[in-house]
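Subject: Structure for your files

Hello,

Here is the structure I said I would pass on. My notes on it follow below.

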Amino acid sequence: MTHLFATHFGTYEVGTDANGKRKLLPFRHDPDPSEMGLGYLDLADHPERIRAPMVRKSWLEKGPLAATGVSRGREDFVEISWDKAAGLIAGELRRVRELHGNQAIFAGSYGWASAGRFHHAQSQLKRLLNLAGGFTSSVNSYSYGAAAVLLPHILGPDYKDACDTSPSWNDISEGCQLLVGFGGFRLSNAQVESGGTGSHRAVEWLRRCQDKGTRIVVFSPASSDAPSGPSVRHVPLRPNTDAAVMLGMCHTLLSQGLFDCDFLRRCTTGYCDFESYLVGEADGIAKDAEWASAISGVPAKTIVEIAEDLHDVPSLVNVAWSLQRARRGEQPFWAAIALASMAGHVGKRGCGFSFGLTAVNSVGQPVRRLKGPAFEQGSNPVRSFIPVARITDLLENPGGRIDYDGQVLELPDIRLVWWAGGNPFHHHQDLNRLAEAFRRPETVIVTENMWTATAKMADIVLPSAFPFERDDVAAASRENWLVYSRRVMDPPAGVLTDHEAYCLIAEELGCRQQFDEGLTTDDWLARIYEGYRERYPELPDFQAFRVRGYAALDEGELAPSPANHFRDFVRDPNAAPLKTASGRIEIGSSAVRGFGYSDIAGHPVWLAPEEWLGAPLSAKHPFHLLSPQPAHRLHGQLEYGPASQAAKLDGYERFTLSEIDARRLTLKQDDLCELYNDRGRTIAALTIDGGLMPGVAVLATGGWFRPDAQGVDHGGNPNTLTAITPASHLSQATAPNSCLISIRPWPGSAGGTYDGNE
Ligand SMILES: Nc1nc2c(c(=O)[nH]1)N[C@H]1C(S)=C(S)[C@@H](COP(=O)(O)OP(=O)(O)OC[C@H]3O[C@@H](n4cnc5c(=O)[nH]c(N)nc54)[C@H](O)[C@@H]3O)O[C@H]1N2
Ligand SMILES: Nc1nc2c(c(=O)[nH]1)N[C@H]1C(S)=C(S)[C@@H](COP(=O)(O)OP(=O)(O)OC[C@H]3O[C@@H](n4cnc5c(=O)[nH]c(N)nc54)[C@H](O)[C@@H]3O)O[C@H]1N2
Ligand SMILES: [Mo]
């Protein structure tokens with residue numbers, strides 16, 4: 001019997017060390033296991049662990065109304081019993097419902113939680129709250145929120161998930177000779193898969209493509225986004241200017257007559273308007289390679305060369321998700337679709353366009369995807385919702401209105417917030433502003449396993465068991481693995497699983513029977529697994545699965561039918577139309593144009609963001625900050641794990657700058673620096689990166705927000721600096737990658753300041 005533990009960063013085997021203590025080992029069937037999780041068990045007795053239900057002192061003493069306001073996040077907590085906690089929460093839910101209605105409860109509760117279908121934190125919370133009359137929810141993700149709203153208009157709702165456009169790695173390795181990656185391939189990202197995996201293969205596939213002769217071009221401000229290898233070319237460019245480069249390439253193809261007229265006519269709509277824009281019919285500006293070069297810093301000659309190549313050989317344009325996590329983030333995705341359509345290889349094996357290769361493990365994996373049941377949430381009678389990244393707007397502006405995808409959403413008046421399985425004080429932008437907004441509702445409840453910055457902002461904190469303290473069935477909806485994740489140890493006394501905690505609250509609310517249906521955890525796991533078996537009868541029965549520890553569809557084989565999404569469509573667009581308004585790829589969309597938003601047009605365009613290296617604000621804040629995913633942890637999770645701690649300097653996060661900028665600022669390797677702008681200040685230690693473009697600073701996400709009494713964050717969280725401004729009025733998506741900052745030495749380290757005027 002293999003004793004396995006499933007996480008978002010892969011599957012681990014449970015063994016023992018020389019002292020007989022439990023430890024995690026790489027899963028023997030995983031060719032490229034992640035080291036990230038090896039120290040996970042160490043967190044079980046970490047001092048930041050929450051060990052009992054806790055209530056903020058004045059909330060307990062004075063009640064929610066008198067306690068609302070400035071002291072949330074700045075006050076002590078009092079330990080209470082589970083019975084007391086369940087009573088307080090049930091009472092508070094009843095009070096808010098009766099006085100303000102269920103839409104006054106916000107439980108969008110965005111976040112990655114843990115792998116495991118049954119103990120999925122959001123599903124547990126939403127099932128409970130649906131039984132209690134519902135809540136205001138959120139839609140879309142931080143990962144590809146702009147794409148999720150744009151792509152249904154351009155490619156149809158089947159492609160709402162950005163990753164679903166990608167050809168399979170197998171097809172790419174066989175059919176594609178040139179892979180052009182805007183945003184490159186940050187290989188540490190491929191360690192992760194939502195729901196877990198048994199087999200990390202993305203990096204191996206990328207290498208296999210190179211071995212088969214696929215040339216790779218990477219456009220990125222950082223050379224570290226380019227994989228190594230002789231056939232790789234790195235082209236640096238200013239952040240947020242990719243759409244301009246792509247437009248310059250489209251113009252090149254147009255002016256040289258290298259575009260595929262037949263494809264554009266048969267398979268796309270709206271090209272004529274786009275062409276008028278390219279040649280500058282209305283504004284007199286040709287979007288040619290010279291124009292794109294002035295914006296992006298990429299030599300015009302390079303833009304022309306690569307455009308010609310994209311046409312001349314079977315090619316694939318891949319865009320990293322990070323590019324749409326920016327102001328006007330829809331544009332690089334839309335422009336890539338236009339570019340690939342002009343180049344004329346869409347629908348050919350392994351060619352065309354794709355989004356997010358190596359963003360997570362699954363994109364492009366040639367495997368059958370396991371579509372199985374989740375823990376049922378029930379249905380939510382409340383209709384009000386926000387696009388997920390509008391949380392600050394929601395709390396700041398009750399009764400306000402926001403545009404979203406052709407609709408106008410009214411923001412309800414939120415009195416109670418409940419978060420479980422997510423960490424908005426990690427993931428959301430402009431954390432100082434979020435902290436103010438979080439002081440407005442009457443009650444904040446957080447279910448967490450550690451004292452995250454979000455838990456500290458709560459009134460009631462429920463301690464949650466770690467995933468290695470419970471049994472579960474884990475599966476990712478884009479992978480082919482099911483893992484029986486077996487408890488490694490018991491949770492501390494005083495800590496319950498989310499399900500056990502909500503059973504107590506359901507009891508108080510009088511809906512216990514509907515909540516747990518009288519089933520044990522084992523019953524639930526069997527029920528979930530049997531749901532998979534109904535769809536995939538070849539899976540072993542539950543007992544056999546439990547004993548073996550895992551099951552995989554077509555283990556070790558390629559998927560029976562290679563995914564080539566656009567082949568049938570391209571062959572005969574009338575017989576196999578896309579589910580867009582026109583049935584075609586919409587290079588121009590009359591729906592998007594019809595919304596009339598100021599920050600998105602009816603076809604791909606380049607619109608300068610407010611914060612980028614060409615903006616007036618760059619005279620004051622001369623560095624463009626990028627905040628990619630952390631290589632040694634999953635967002636804020638595992639922050640106290642050994643891998644994340646080892647990557648720091650004396651507990652401080654590291655950020656990177658180019659050699660030129662370090663010299664200008666008279667800073668040395670390891671100097672502590674203050675990164676700041678009008679929104680906040682954070683401290684991080686300098687790493688000089690010879691491959692980074694001057695003018696760009698990189699600070700990964702996930703450092704825990706730890707503001708001192710002056711409001712200076714010592715956790716190195718980039719979201720102290722980023723803005724809540726959305727990608728556009730269309731998507732209202734998050735846009736942290738459009739952020740200008742200044743940098744100066746933090747007292748204690750030598751060095752001058754650089755104000756941008758050399
Ligand atoms: N600046 C900037 N910000 C970003 C991004 C960026 O690129 N730049 N990227 C964004 C993206 S793409 C994402 S997806 C988000 C990620 O943001 P989040 O998903 O919010 O980050 P996590 O740290 O994974 O938060 C999950 C939390 O759930 C808790 N948890 C785990 N298991 C359980 C459980 O069983 N029960 C309960 N109750 N809690 C549990 C963990 O302890 C953790 O605190 O960040 C976004 N933020
Ligand atoms: N180890 C680890 N892996 C993860 C995660 C994690 O927390 N840890 N999180 C997972 C999640 S939730 C997600 S959504 C994915 C995200 O996957 P991505 O969105 O692809 O990842 P990022 O790391 O945000 O950005 C990738 C690269 O984009 C480049 N970049 C940023 N802005 C620009 C730009 O304007 N132009 C160009 N050309 N390049 C730019 C940066 O240099 C960066 O290295 O990662 C997943 N993988
Ligand atoms: Mo994400």
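A residue is counted as near a molecule when one of its heavy atoms lies within 4 Å of it. By that rule, 32 residues surround ligand 2, and the closest are Asp225, Asn240, Asp242, Ser322 and Arg325. Please keep in mind that this is a predicted model.

Ligand 2

- Gly183 has a backbone N or O atom 3.2 Å from a nitrogen atom of the ligand.
- Ala359 places a polar backbone atom 3.1 Å from an oxygen atom of ligand 2.
- His635 has a backbone N or O atom 2.9 Å from an oxygen atom of ligand 2.

Ligand 1

Ligand 1 has 32 residues around it, of which Trp112, Ser114, His427, Glu448 and Asn719 come nearest. For Glu448, a polar side-chain atom lies 2.4 Å from an oxygen atom of the ligand. The side chain of His426 also takes part, with an N or O atom 3.4 Å from an oxygen atom of ligand 1. Gly636 uses its backbone instead: an N or O atom there is 2.9 Å from an oxygen atom of ligand 1.

Domains

The chain is split into domain 1 (54-140 + 371-475 + 487-548), domain 2 (145-368 + 578-595) and domain 3 (616-745). By these bounds, Gly183 and Ala359, which contact ligand 2, fall in domain 2, while His635, another contact of ligand 2, falls in domain 3.

The interface of domain 2 and domain 3

How far apart are the C-alpha centres of domain 2 and domain 3? They lie 27 Å apart. The contact draws 29 residues from domain 2 and 23 residues from domain 3. Together the two domains bury about 2000 Å², with 59% of that on carbon and sulfur atoms. There are 0 salt bridges between domain 2 and domain 3, but 14 residue pairs are in polar contact across their interface, both residues at pLDDT 80 or more. On the side of domain 2 that touches domain 3, helix α5 (residues 145-154) gives the most, with 5 residues. By class, that side of domain 2 has 10 nonpolar, 13 polar and 6 charged residues.

Salt bridges

Over the whole structure, a search finds 54 salt bridges. One of them joins the side chains of Glu517 and Arg127, at 2.9 Å from N to O. The pair links distant parts of the chain, 390 residues apart: Glu517 sits in the loop between α19 (512-516) and α20 (521-535), and Arg127 in helix α4 (residues 121-131).

Regards

Note on methods. Residues are numbered from 1 along each chain as its sequence is written. Chains are lettered from A and ligands numbered from 1 in the order in which they are written. This is a predicted model: local features need pLDDT of at least 70, side-chain atom pairs count only at pLDDT 80 or more; totals for chains, interfaces and linings use all residues. Side-chain values use heavy atoms; hydrogens and water are left out. Domain bounds come from an automatic or database domain assignment. Contact means heavy atoms within 4.5 Å. Buried area is the accessible area (1.4 Å probe) that two parts lose on being put together, summed over both. A salt bridge is a side-chain nitrogen of Lys or Arg within 4 Å of a carboxyl oxygen of Asp or Glu. A polar contact is a pair of N or O atoms within 3.5 Å; within protein, one must be able to donate a hydrogen and the other to accept it, and residues adjacent in sequence count only if both atoms are side-chain atoms. Helices (H or I, at least four residues) and strands (E, at least two) are DSSP runs, numbered from the N terminus. Ala, Val, Leu, Ile, Met, Phe, Trp, Tyr, Cys and Pro count as nonpolar, Asp, Glu, Lys and Arg as charged, and the others, Gly among them, as polar.
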